[in-house]
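The structure is shown first.

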2 protein chains.
Amino acid sequence: MKIGELAGRAGLKPSAIRYYEKLGILHPPHRVGGQRRYPGDALNRVLLIRFAGDMGFTLAEIKLFLGGLRDNAPVGSRWRKLAVRKIGQVDQSIKRARRLKSLLEHLLRCQCPSLQICVQRLSLSPILKNMGERI
Amino acid sequence: MKIGELAGRAGLKPSAIRYYEKLGILHPPHRVGGQRRYPGDALNRVLLIRFAGDMGFTLAEIKLFLGGLRDNAPVGSRWRKLAVRKIGQVDQSIKRARRLKSLLEHLLRCQCPSLQICVQRLSLSPILKNMGERI
DNA sequence: ATGGAAGTTAAAGTTAACTTTAAGTCAAGG
DNA sequence: CCTTGACTTAAAGTTAACTTTAACTTCCAT
């Protein structure tokens with residue numbers, strides 16, 4: 001698979017693929033006449049990168065994760081700590097997403113004249129109140 | 001409330017508050033001797049902005065939402081369309097987050113020698129496969 | 001064998017969301 | 001009164017994650 005096809009199948013531009021390679025997230029593939037040729041499973045790796053990226057992982061974290069996996073990191077390693085921390089964050093973000101969804105649904109339904117009144121009626125204030133300690 | 005207190009309570013720096021004001025997301029408060037003084041409910045608004053921001057809304061979208069709310073937009077308006085679209089996206093992101101969580105939990109538990117094998121065993125491939133059409 | 005699409009590089013440009021800086025003003029305690 | 005910390009502005013700097021550009025090469029269909 002050439003870079004254009006890989007990028008296209010992942011919904012990216014070739015430049016993004018080269019960028020990942022430069023960051024060390026994607027292994028440099030072998031080349032034919034100077035051009036990159038990717039094995040089939042490269043697509044999975046790219047999709048996984050994008051998946052994690054969409055979940056709020058930075059590319060630096062993703063690199064850590066993929067590196068850790070490749071090396072089959074031992075228990076208690078940096079990788080495992082990162083994973084545990086991330087699971088907590090993902091949990092938090094699921095809760096937040098649910099609250100946001102119900103807030104949006106209410107806002108679509110309700111006739112509240114202002115956001116403040118709506119938030120009061122929903123008693124979302126407590127939710128917002130402890131947003132101060134950000135994740 | 002002066003800007004430092006507002007920022008502090010929201011877990012932000014004063015510069016972020018001024019930035020929101022410059023973007024038109026935060027109403028310019030009245031001033032005392034040239035300094036901004038905020039009413040109590042400004043905190044809720046800032047927290048809501050951060051909440052939405054954490055959920056992946058851009059500040060431009062947040063401005064639209066808050067503007068739409070303030071004007072009590074009629075049915076079918078731009079605001080409602082945006083809200084409906086966003087609910088869909090939030091739904092998607094909840095599903096993704098759950099998948100990511102189970103992927104992470106599995107990776108912590110399993111003894112898979114590589115990511116590819118792990119993904120195969122979990123039959124996560126179908127999940128990754130339709131990641132091509134990104135939200 | 002040839003013309004256009006797609007590949008290559010390094011380096012510079014882009015965007016969002018802020019932060020920092022510089023140079024100054026205001027407020028409050030001692 | 002004086003100092004110190006918090007405030008003001010406009011403008012420049014930062015970071016992540018890419019994209020674009022320029023100058024060139026390679027692949028492939030006709």
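The model is predicted. In it, helix 3 of chain A is followed by A:Gly56, whose phi is positive, near 95 degrees. The helix itself runs over residues 42-54, and at 1.5 Å a residue its 13 residues should span 18 Å; the end C-alpha atoms are 18 Å apart, which agrees.

Ten of the 13 residues of helix 3 of chain A are buried, so the helix is largely enclosed by the rest of the structure. Among the buried residues are A:Leu43, A:Val46, A:Leu47, A:Ile49 and A:Phe51, and also A:Arg45 and A:Arg50.

DNA strand C is surrounded by 20 residues, of which the closest are A:Gly4, A:Arg36, B:Ser15, B:Gly33 and B:Leu59. The residues of this surface are divided by class below.

| Class | Residues near DNA strand C |
|---|---|
| Nonpolar | seven |
| Polar | nine |
| Charged | four |

At least two residues of the surface near DNA strand C come from each of helix 1 (3-10), helix 2 (14-23) and strand 2 (35-37) of chain A, and from each of helix 2 (14-23) and helix 4 (59-70) of chain B. Helix 2 of chain B provides the largest share, three residues.

Two packed helices are described by the angle between their axes and the distance between the axes. In chain B, the axes of helix 1 (residues 3-10) and helix 3 (residues 42-54) come within 10 Å and cross at roughly 45 degrees. Helix 1 and helix 3 of chain B are therefore oblique to each other. The crossing of helix 1 of chain B past helix 3 of chain B is right-handed.

Methods. Residues are numbered from 1 along each chain as its sequence is written. Chains are lettered from A and ligands numbered from 1 in the order in which they are written. This is a predicted model: local features need pLDDT of at least 70, side-chain atom pairs count only at pLDDT 80 or more; totals for chains, interfaces and linings use all residues. Helices (H or I, at least four residues) and strands (E, at least two) are DSSP runs, numbered from the N terminus. The expected span of a helix is 1.5 Å times one less than its number of residues. A residue is buried if 20 or more other C-beta atoms lie within 10 Å of its own, exposed if 12 or fewer, and partly exposed in between; C-beta atoms are placed from the backbone. A residue is near a molecule or strand if its C-beta atom, placed from the backbone, lies within 6 Å of it. Ala, Val, Leu, Ile, Met, Phe, Trp, Tyr, Cys and Pro count as nonpolar, Asp, Glu, Lys and Arg as charged, and the others, Gly among them, as polar. Axes are lines fitted to C-alpha atoms, for helices over the stretch in contact, and angles run from 0 to 180 degrees between N-to-C directions. Angles under 35 degrees count as roughly parallel, over 145 as roughly antiparallel, 65 to 115 as roughly perpendicular and the rest as oblique. A crossing is left-handed if the near helix is turned anticlockwise from the far one by less than a right angle, and right-handed if clockwise.
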